[in-house]
Amino acid sequence: MSKIQETDYWVPEHARDYLSKLGFHLPLEAMEGHIRAWHGWMSATGDFYDYRDADGFGRIYEVHRRSIHPAMRVCREWGSLLLNDKTSVVCEEQVCTDWLAEYFRQTGFMPAAQNTVVRAFGLGTGAWALWVDADAGKVRIRHYDARMVLPLTWDEEGVSECAFVTRAFYRGKAVDQLQMHLRGGGGLVTPSRPSPSTTSHGIAAWDSASPSQPSLSASSSAASPSQSSPSAPAGVALASPSQSEPAATYRIVTVCFDEQGNIIEPAGVCSEFDTGCTCPTFSIVKPAIDNTRVDMSPYGQSVFADAVDAIQAVDLTFDALINEIDVSKMRVFLSDVLFDRDEEGNGGKKRRTPIPFGKQDCTVFRKVMSSDDMIQDFAPALRTNSQAEAFRISLQMLGDLCGFGISYFDFDDSRGYVKTATEVSSDNSALMRNIARHEHALEMSLAGISRAVMQVSRCFGVTIPDEGEVRVEFDDSIIQDTAALKAQDMSEVGVTLAPWEYRARWYGESEAVAKERARAVGTVAGGVG
C-alpha cells in the first residue's frame with residue numbers, strides 16, 4: 001500500500017522499504033498477521049462477526065453477529081487495574097518526584113498512558129517515546145501501539161533502538177513521519193541537517209514543505225546480534241570512523257514521506273536531533289506474557305491471545321440470548337375476514353387485495369380462507385435461563401484464560417454483571433499474582449521514560465538534581481482495601497514502624513523528606529534515627 005490509508009493506520013510500505021534499504025531487519029513482518037488478528041477481535045470485526053449464509057433456496061444473505069466486545073473489555077479491565085490518575089513515579093530525590101508529578105499533570109500523561117496500556121495489552125506491544133520541540137524547549141511523550149512500532153535493535157535484555165511511524169496532517173495533506181531513536185545516531189549521518197538550536201523536532205512548527213529528497217549516510221558501526229549490520233544501498237554512503245557519532249547519547253532521526261511515498265523535508269522539522277540522553281528515549285510496553293507466536297521477537301503477545309475461543313463463546317452465547325428473545329416474540333394470527341380490501345383495475349378487470357397493516361416485523365399474520373378463531377395468538381416458551389447460564393460460563397472461562405481468575409467476570413441475579421474488584425481479590429489469588437507480574441513489567445517502562453524525560457529536560461535548562469533510584473507507586477486500592485492497610489500500619493507506628501517509614505510508604509516521600517516532615521508534625525518519637 002503506497003498511499004496513506006484513511007481508516008486503520010499501519011506502517012506503510014515506503015517506510016518499510018526505507019528501513020530495509022538501510023539494512024534493518026524488521027520483525028514486524030513475522031508478527032503483523034497476529035497483530036492484525038488481535039486488532040480485529042478488539043474491534044469485533046472480521047468473518048466471525050460479519051459473514052454470508054444461504055437459505056434452503058440457495059439465496060445468499062448477509063448476517064451480523066452481535067457482540068459485547070469481550071476482547072476490548074478484557075484490555076480495558078487490565079488498563080484500569082494497572083494504571084490510573086493515582087499512580088505516581090517516585091524518585092530517590094524528592095525534588096525530582098515533585099517535578100515529575102507536575103510534568104505528568106500538565107501534559108495529561110497518566111490518562112493517555114492508560115489508553116496505551118489498553119492497546120498494548122490488546123495488540124501485544126505499545127510504546128512511549130520522547131518528542132522534542134527545541135524552539136520552545138519542550139519535551140513531550142508520544143504514545144504508540146504495535147501497529148506503529150518497529151524495533152531495530154534488541155536482545156534478551158529488551159529493545160535498545162526503535163523506530164516509530166505515525167501520520168500527521170499539514171494543511172489537509174497527510175504525511176507519514178518516521179522517527180528513529182538510535183544510540184549515537186546508529187551510524188546514520190545527515191550531511192546537511194538543520195541546527196537543533198534553531199529548529200523544532202516535530203510537525204507542529206511546519207511552515208512549508210519542500211519536495212527535495214535528503215541523502216542519508218550509514219556508518220559501519222557494529223550491530224547487536226538481533227540487528228542486521230547496515231549495508232550500503234544505492235544513494236547511501238558508509239561514513240568513516242571519524243564521522244561516526246558517539247554511542248553515549250541517543251539521537252532522533254526523522255524522515256517524512258508524502259502520500260506517494262516520496263521523501264520530503266518540511267520546513268521546521270529537524271532531520272537529526274541529539275537528545276544528550278544516555279538512556280533510551282523510549283520505553284516498550286508489553287504484558288508480562290511470553291510471546292509463543294514468534295520466537296525471539298521483540299514484540300509481546302496479546303493478553304487474550306490464548307482466549308480467542310472463549311471470546312467467540314461469549315459472543316455466540318450473547319447473540320443466541322438476543323436471538324432467543326427476538327424469535328420468541330408473540331405472534332398474532334388474524335382471520336382473512338378482518339382485512340380491509342382495495343379494488344385494483346387490471347386490463348379492465350378488478351380484483352380485491354388486502355390492505356397491509358401493523359408492524360413489518362413478522363408478528364402479525366393473515367390466515368387465508370379462514371373464518372374460525374378470527375384472532376389467535378401464539379407465544380413460544382423462552383429458554384433465557386439456559387441461555388444465561390451458558391453466557392455466564394463463557395464469561396468465567398474468558399476471565400480465567402485472560403488472567404483475572406474464574407470468578408472475576410460473573411453473572412447472577414443478585415450481583416449483576418461483574419463483581420467489584422475488592423470482592424474478587426478476597427478469594428482470587430490468580431488475579432493478585434498476575435497483577436503483580438504486570439505491575440513489575442510496567443514499572444520498568446514507566447521508570448525508563450521518566451528518566452529520559454528528566455535527562456532531556458536538563459539539556460533545556462531545567463534545574464533538577466540526579467533522580468537516583470526510580471520506582472512506581474501503583475494505586476492498589478482498586479484490588480485491596482487501602483484504608484484498612486493504612487489503619488493497620490498506623491497502629492504499628494511507634495511499635496514496629498517508625499513515623500517516617502509510614503510517610504515514605506503511604507505518601508511516596510524520600511527517606512530524608514519523610515524524616516523532616518515527621519519532625520515538623522512532632523511525631524518523631526525516637527524512630528527518626
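Is M296 buried or exposed? M296 is exposed, with a relative accessible area of 77%. Here, buried means under 20% relative accessible area, exposed means over 50%, and partly exposed covers what lies in between (1.4 Å probe, protein chains only).

Before going on, some ground rules: this is a predicted model, where local features need pLDDT of at least 70, side-chain atom pairs count only at pLDDT 80 or more, and totals for chains, interfaces and linings use all residues. Residues are numbered from 1 along each chain as its sequence is written, and side-chain values use heavy atoms, with hydrogens and water left out. Helices (H or I, at least four residues) and strands (E, at least two) are DSSP runs, numbered from the N terminus.

**Two loop residues**

M296 sits in the loop between β16 and α6, and its phi is positive, about 55°, although it is not a glycine. H69 also has a positive phi, near 55°, and is a residue other than glycine. You'll find H69 in the loop between β2 (60-64) and α3. With a relative accessible area of 33%, H69 is partly exposed.

**Helix α6**

Now follow the chain into α6, residues 308-327. The expected span of a helix is 1.5 Å times one less than its number of residues. For the 20 residues of α6 that gives 28 Å, and the end C-alpha atoms are 28 Å apart, which agrees. Its buried residues include A310, I311, V314, F318 and L321. An α-helix has 3.6 residues a turn, so residues three or four places apart point the same way. The buried residues of α6 pack against α2 (28-43), α3 (70-82) and α7 (384-401); contact means heavy atoms within 4.5 Å.

**Helices meeting helices**

Here are two helix pairs to look at. Axes are lines fitted to C-alpha atoms, for helices over the stretch in contact, and angles run from 0 to 180 degrees between N-to-C directions.

| Pair | Angle | Axis distance |
|---|---|---|
| α2 and α5 | about 120° | 8 Å |
| α4 and α9 | about 95° | 11 Å |

Angles under 35 degrees count as roughly parallel, over 145 as roughly antiparallel, 65 to 115 as roughly perpendicular and the rest as oblique. α2 is therefore oblique to α5, while α4 and α9 are roughly perpendicular to each other.

Who touches whom? On the α4 side there are C96, W99, L100, Y103 and F104, and on the α9 side S450, V453, M454, S457 and R458. That contact has 7 nonpolar, 2 polar and 1 charged residues. Ala, Val, Leu, Ile, Met, Phe, Trp, Tyr, Cys and Pro count as nonpolar, Asp, Glu, Lys and Arg as charged, and the others, Gly among them, as polar. In the other pair, I35, W38, H39 and M42 of α2 meet V118, R119, G122 and L123 of α5.

**A sheet with helices on it**

There is also an open sheet of 3 strands, in the order β5-β4-β16, with antiparallel pairing. β5 (138-145) and β16 (282-285) stand at the edges with a single partner strand each, so one side of each has no neighbour in the sheet. The twist averages 25° from one strand to the next.

Two strands pair if DSSP finds at least two bridges between them; β4 (residues 126-133) and β5 have 8. One example is W128, whose bridge partner in β5 is H143. Helix α5 packs on this sheet, touching β4, β5 and β16, and its direction makes about 25° with that of β5. Helix α9 (residues 429-459) lies across β4, β5 and β16 too, running at about 5° to β4.
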